[in-house]
Amino acid sequence: MLNPVKLAQKLIQFVTVTPNDQGCQSFIHQQLAPYGFILHDLSTHGVTNTFLIKGRGPLILISAHTDVVPATEGNWQHPPFCGIIDNNMLYGRGACDMKGALAAMMTALSQISPQHCAIGLALTSDEEGPSEYGSKIITDWLNKQGLHPECTLIIEPTSNNKLGDNIKTGRRGSLYADISISPKANHVAYLPSDQNPVFEIMKMISALANLFKDPAINFHLVKISAGHANNVTPHHFQMRFNWRHDASLPVQQIKELTQELLLAYDAQISWTQGADPYQSQSNLHAKRMRDIIQQSEKLTPTFTHTGGASDGRFFALISKEIFEFGLVNQTIHQANECTSIQDIETLSNIYLNWLEQTDESFASKSDTQR
Ligand SMILES: [Zn+2]
C-alpha cells in the first residue's frame, strides 16, 4: 500500500514549476500501474498531460495538476522543494496546492478495485499557467472518446480554515474590459478646478462599481493610466476592469449594462473573457462527500462557488456533475506553504470512502434499472 505522507514528500521534490513536469507524472504512473491503471499520454506543446484509468462502466474522473507556482518569493524556513516535515507539518511548494491531496488520492486509488464504474485520473502540468494545452486538451480527448464523466472531482485546496469546511460546486468566471476615453485636453492655467475631466472619470468608475448589487459579483479597477504633460489635463485615459461573476448572471448581460453606462462617456471598450464560470446542476456525488466529511470530521461543509478560476471550467463542459474538494488553502502560493500531515492521512481516508461508496452507488442503480 502507498503511504500518502511519504508520497507527498516525494511529489514535492519534483521541481514542477509550470509547465515543466520533470518526470512527476511518470512517477505517478509508475506508482499506480501495479494497481491496474492504464496510461494514456496526452502531452502536447511542452505540457505534460496524463490520463490513467481503471475499471469499466460509468466514469468517475479525478482531476489534478502536478505543476506549482514558483517559490522564489519570501523567506522560506525550509527549502521549498525538499518536502521537510517539521512539527507534524509538511513544508514545500505544492504541499496544499495540490501535491498533498494528490498523494492522498493516489493512496486511495491504490486501495480501490471498482466493480461498477471506471475511475480516471487526469493530470496536467499546466493549471497554474495559461492552461491552453492542459485540462482543455484532456477534456477534448475525453469528449472524442465518448468518455463523459458521471462526476468529476477536482482535488483543489477548497478547505478554508479546517479540512472539510468547504466544498466548491462551481466557480466564478473572470471578465475583463479594456476601456479608453479621450476627453478634450485643456491648459490648466485657463480651466476652472472643478472641470478637470478626472472628476467625470471618477464618477464613471464609481457608477461601474455600483452597477451590480449582487454580492456574488465583484468589480475591480486593475489598471489605469492617463496624463502626458505637466500643464494640460489628461486627453487619454486607459483603464482595465475585472468582474468576477458566477454562472447565474449571463456574461452578455454584464456587457450590455456596462456598455449602456459607458455611452455617456464616449468610451471605446474591448472585452476579454479570462475564464468561464461553471456551476454544477446536480450535487448528488458532492452530497455523498459532505455526508462522509460530516461523519469523519464532525463538521458540515458549506457548498460554495467563490474564489478564482480552476480547471473545472473545462471538465464542466463534459461532466454530469462536478465539484472540488481538498486540503486547507491558507498558505497556497505563499512562502512556507505547508499542510498538516494528519490532514493528508484523513483526506486519503475520506477520498477512499467516497470512491467506494460512489462505486457502490452505481451497483444499486443498475439493480433498480433491472
Ligand atoms: Zn491548484
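A: Aspartate 86 faces methionine 89, a residue of strand 5. Strands here are DSSP runs of E with at least two residues, and helices are runs of H or I with at least four residues, both numbered from the N terminus. The model is predicted, so local features need a pLDDT of at least 70, side-chain atom pairs count only at pLDDT 80 or more, and totals for chains, interfaces and linings use all residues. Residue numbers start from 1 along each chain as its sequence is written.

Strand 5 covers residues 89-91 and is joined to strand 4 by three bridges, the two strands running antiparallel. Two strands count as paired if DSSP finds at least two bridges between them. The open sheet has three strands in the order 4-5-17, with antiparallel pairing. Strand 4 (84-86) and strand 17 (338-340) are its edge strands, each pairing on one side only. On average, neighbouring strands of this sheet are turned by 30° against each other, direction ignored.

Helix 3, residues 95-110, lies across strand 5 and strand 17 and runs at about 45° to strand 17. Such angles run from 0 to 180 degrees between N-to-C directions, with axes as lines fitted to C-alpha atoms, for helices over the stretch in contact. Contact between two residues means that their C-beta atoms, placed from the backbone, lie within 7 Å.

On the scale of the chain, the domain assignment gives domain 1 (4-171 + 277-369) and domain 2 (173-275), with bounds from an automatic or database assignment. Seven residues of domain 1 are in contact with seven residues of domain 2.
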